Amino acid sequence: MSTTKITLKQINKLAIPALISGISEPILSLTDAAIIGNMDLNATESLAAVGIVTTFLSMLIWVLGQTRSAISSIVSQYLGADQLSEVKNLPAQAMFIITSLSLIIIAVTYPLASQIFKLYNASDLILTYSVDYYHIRVFGFPFTLFTIAVFGTFRGLQNTYYPMLIAITGAVANIILDIVLVYGIEGFIPAMHIKGAAYASVFAQVIMALLSVYYILKKTDIPLLVKFPFNKEINRFILMIANLFIRTIALNVALYFGTSYATKYGTTYIAAYTIAINLWFLGAFLIDGYASAGNILSGKLYGAKDYKTLMALSNKLIKYGVVVGVIIGLVGAVFYYPIGSIFTDDKAVLEEFSKVFWMILAMQPLCALAFIFDGVFKGLGKMEYLRNVLLFSTLLVFIPVIFTTDALDYKLHGIFIAFTLWIIARGLPLIIKFRKTFNTLIQNT
């Protein structure tokens, strides 16, 4: 068993580009929220609609976007074992499967959009805007999933640089298109309001998918043409996806209850919750840079059976992740009140947001631990354990807590108390399991 040394420079070389590329999706939603929240016409209702649709779309993306972790895990393990040629045709097959599923989901959810968003307690103008926004944004779904699968392939190859370039381009394009299509250009393009934001997001997702094709073909020898029969690892890939599917459903049950209760409390609360939860998503994706480094490096080290370095890597990731979490919390504290005003000038919304934003900030170091070890376990391919932890934390922690806090009329405070305890219940078992497993393997080798 060989032993190598993982340095901070190596981790940052993967983590920082992954961090930047990882925030592309929340930036799309945050940009929509910020620009829509400052419209002159029905801004609060439009902001609430974006929050509801974003929650549902995030569920779809997180469920099917787990291909990134599965592809990355398998490719990195084969890379570590110096057997990459055996799985070169797997990414194209995975992309084919996942984009086919996305088309089925569009066909099913498009006509049922109104019924879906009624489940989130949307009604009247908020429901109308939610359906309008979703009917456009959902067509970016296949392009997003394709891009995510390409990102997973690059991660398996220990490369996060090209995904970063793709994500930056997509985010910049989205911001420019948002401004142009939401507000319009007098005499050239009419103001399209919430529909303009949806179109901007779709166009940005198409741009990212086209760049993904370019970089995977030009910078790697991984083919995109689907060839059969299926790779020998396709069964393991599908099993990983199945476990991650169940896990992500459990994760989104928590997000559903959070959004549903916030909507039930009224337009002001769901608008404030939209700002808070999107900022929480942004913090999560920032921390995800180090989770991605854990995913990428742990898969390679596990494939090489280098358990001592893997343990050392986990110790470093804990330190770096907590530091990043603390920095995010401190930056948020410094700009505590100005941040909310970026998204809306509604005083009632800002007041409710400011009451709970400190909870989002305090959660960041805890999120760091949970998300980093999520990444490590994905790299190891231990999706079954991740599934069980999410089921436990959602069904036995989050749901009982949010039911209790709702009964106590804690409103948004109650929702974020539930999220905090949920994060703790997600992270702690992973750390304990990892250290116990690899301490035993190190002692036996």
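Contact here means heavy atoms within 4.5 Å of each other. With that in hand, I opened my notebook.

**Entry 1: ground rules**

I am looking at a predicted model, in which local features need pLDDT of at least 70 and side-chain atom pairs count only at pLDDT 80 or more, while totals for chains, interfaces and linings use all residues. Residues are numbered from 1 along each chain as its sequence is written, and side-chain values use heavy atoms, with hydrogens and water left out. Helices are DSSP runs (H or I, at least four residues), numbered from the N terminus.

**Entry 2: Thr67 and its helix**

I began with Thr67, which sits in helix H4. Is Thr67 buried or exposed? Thr67 is buried, with a relative accessible area of 0%; buried means under 20%, exposed over 50% and partly exposed in between, using a 1.4 Å probe and protein chains only. Leaving out residues up to four places away in sequence, I found Thr67 touching Ile98, Ile148, Ala149, Phe237 and Ile241.

Next I looked at how H4 packs. Helix H4 (residues 67-80) meets helix H8 (residues 141-156) at an angle of about 20°, and their axes are 7 Å apart. That makes H4 roughly parallel to H8. For my own reference, axes are lines fitted to C-alpha atoms, for helices over the stretch in contact, and angles run from 0 to 180 degrees between N-to-C directions. Angles under 35 degrees count as roughly parallel, over 145 as roughly antiparallel, 65 to 115 as roughly perpendicular and the rest as oblique.

H4 passes H8 in a right-handed crossing (the near helix is turned clockwise from the far one by less than a right angle). On the H4 side the contact includes Thr67, Arg68 and Ile71, and on the H8 side Ile148, Ala149 and Phe151 are among the residues. I noted 6 nonpolar, 6 polar and 2 charged residues in the contact of H4 with H8. Nonpolar covers Ala, Val, Leu, Ile, Met, Phe, Trp, Tyr, Cys and Pro; charged covers Asp, Glu, Lys and Arg; the others, Gly among them, are polar.

**Entry 3: two antiparallel pairs**

I turned to helix H9 (residues 161-183) and helix H10 (residues 193-219), which pack at an angle of about 155° with axes 8 Å apart. H9 and H10 are therefore roughly antiparallel to each other. The crossing of H9 and H10 is right-handed, and their contact has 17 nonpolar, 7 polar and 2 charged residues.

Then came helix H11 (residues 234-264) and helix H12 (residues 267-303), at about 150° with axes 8 Å apart. H11 and H12 are therefore roughly antiparallel too. H11 brings Leu255, Gly258, Thr259, Ala262 and Thr263 to the contact, and H12 brings Tyr269, Ile270, Tyr273, Trp280 and Phe281. I listed 7 nonpolar, 3 polar and no charged residues there.

**Entry 4: the nonpolar core**

Which residues touch the most other members of the largest nonpolar core? Among its 149 residues they are Ile11, Phe117, Trp280, Phe416 and Phe419. H12 gives the most to this core, with 20 residues. A nonpolar core is a set of buried Ala, Val, Leu, Ile, Met, Phe, Trp, Tyr and Cys residues joined through side-chain atoms within 4.5 Å.

I followed Phe419 and, not counting residues up to four places away in sequence, found it touching Ala254, Leu255, Tyr273, Ile277, Met363 and Phe398.

Ala425 belongs to helix H17 (residues 412-443) and is buried, at 12% relative accessible area. Setting aside residues up to four places away in sequence, Ala425 touches Val389, Phe392, Ser393 and Val397.

Arg387 lies in helix H16 (residues 383-407). At 18% relative accessibility, Arg387 also counts as buried. Beyond residues up to four places away in sequence, Arg387 touches Asn243, Ile246 and Arg247.

**Entry 5: backbone notes from the loops**

Most residues other than glycine have a negative phi, and most peptide bonds are trans. Pro229 is in the loop between H10 and H11.

Asp82 has a positive phi, near 60°. Asp82 lies in the loop between H4 and helix H5 (90-109) and is exposed, with a relative accessible area of 72%. Lys305, in the loop between H12 and helix H13 (307-334), also has a positive phi, of about 60°.
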